[in-house]
Amino acid sequence: GSVGPATIGIRNGAIAAVVAPDVPLEARERIDATGKLVFPGLVDPHVHFQVGGPISFPEDFGDASVGAAHGGVTTFIPYIWSERDGKIGPNLERYLKLGAERSVVDFVVHCGLWPDPTMIDQVPDAFALGVTSFKMMMAYRSTGRLVNDDHLLQAMDLIAERGGIMIV
């Protein structure tokens, strides 16, 4: 919550103490990070990768998570879109399984919702899988992702009732 000089103690790979710079800590190894910003791990909440499907990127969970780890990102949140006119649950299940198998960092996923009214009916399926973050577009008409206001409001109400979040 703040920036300032400190001494950080690490035990078994986790932060064990954050104290003023003049407080001595016993240590087997010391790293002088004077003048540097030290973060316990970054969260990247906006990641795009998906192999196959209607929106495709060349990276997958393994590639993206290794890149994230090299950059100090310890948690990321990719956008997972269902197949157009498809079911939300099976695609989310597939990606959650792939993530569990391949990711080297922590993750959760955002669920992309197409402008298809049947998608709204499937939102509870995503919540059943632990997915509470959703995205809908108010742009990209030419790619078929633009939702109308009524559809968006209906989805937002349903997601809010369950304690989720909508990204527009």
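The legends below describe close-up views of a predicted model.

Residues are numbered from 1 along each chain as its sequence is written, and side-chain values use heavy atoms, with hydrogens and water left out. In this predicted model, local features need pLDDT of at least 70 and side-chain atom pairs count only at pLDDT 80 or more, whereas totals for chains, interfaces and linings use all residues.

**View 1. Fold of the protein chain.** The protein chain holds five helices and eight strands (DSSP runs of H or I with at least four residues, and of E with at least two, numbered from the N terminus), which follow one another in the pattern β-β-β-α-β-α-β-β-α-α-β-α-β. The radius of gyration, taken over C-alpha atoms, is 20 Å, well over the 15 Å that the globule rule (2.2 Å times the number of residues to the power 0.38) gives for 168 residues, so the chain is more spread out than a compact globule. Along the principal axes, the C-alpha atoms fill a box of roughly 60 × 30 × 30 Å.

**View 2. Lining of the largest pocket.** A pocket is an open set of points on a 1 Å grid over the protein atoms alone, with protein on both sides within 12 Å along at least five of seven lines, and its lining residues have an atom within 4 Å of a point. The lining of the largest pocket comprises 34 residues, of which Thr7, Ile8, Gly9, Ile10 and Val38 lie nearest its centre. The elements giving two or more residues to this lining are β1 (7-11) and β2 (14-19). By residue class, the lining divides into 19 nonpolar, eight polar and seven charged residues, with Gly counted as polar.

**View 3. Salt bridge between Arg102 and Asp60.** Two salt bridges are found in the whole structure, a salt bridge being a side-chain nitrogen of Lys or Arg within 4 Å of a carboxyl oxygen of Asp or Glu. In one of them, the side chains of Arg102 and Asp60 meet at 2.3 Å, N to O. Because Arg102 lies in helix α2 (residues 88-102) and Asp60 in the loop between β3 and α1 (61-70), the pair ties together parts that are 42 residues apart in sequence.

Notes:
1 Å grid on protein atoms, 1.4 Å probe; cavity = no way out; pocket = protein on both sides within 12 Å on 5 of 7 lines; lining within 4 Å.
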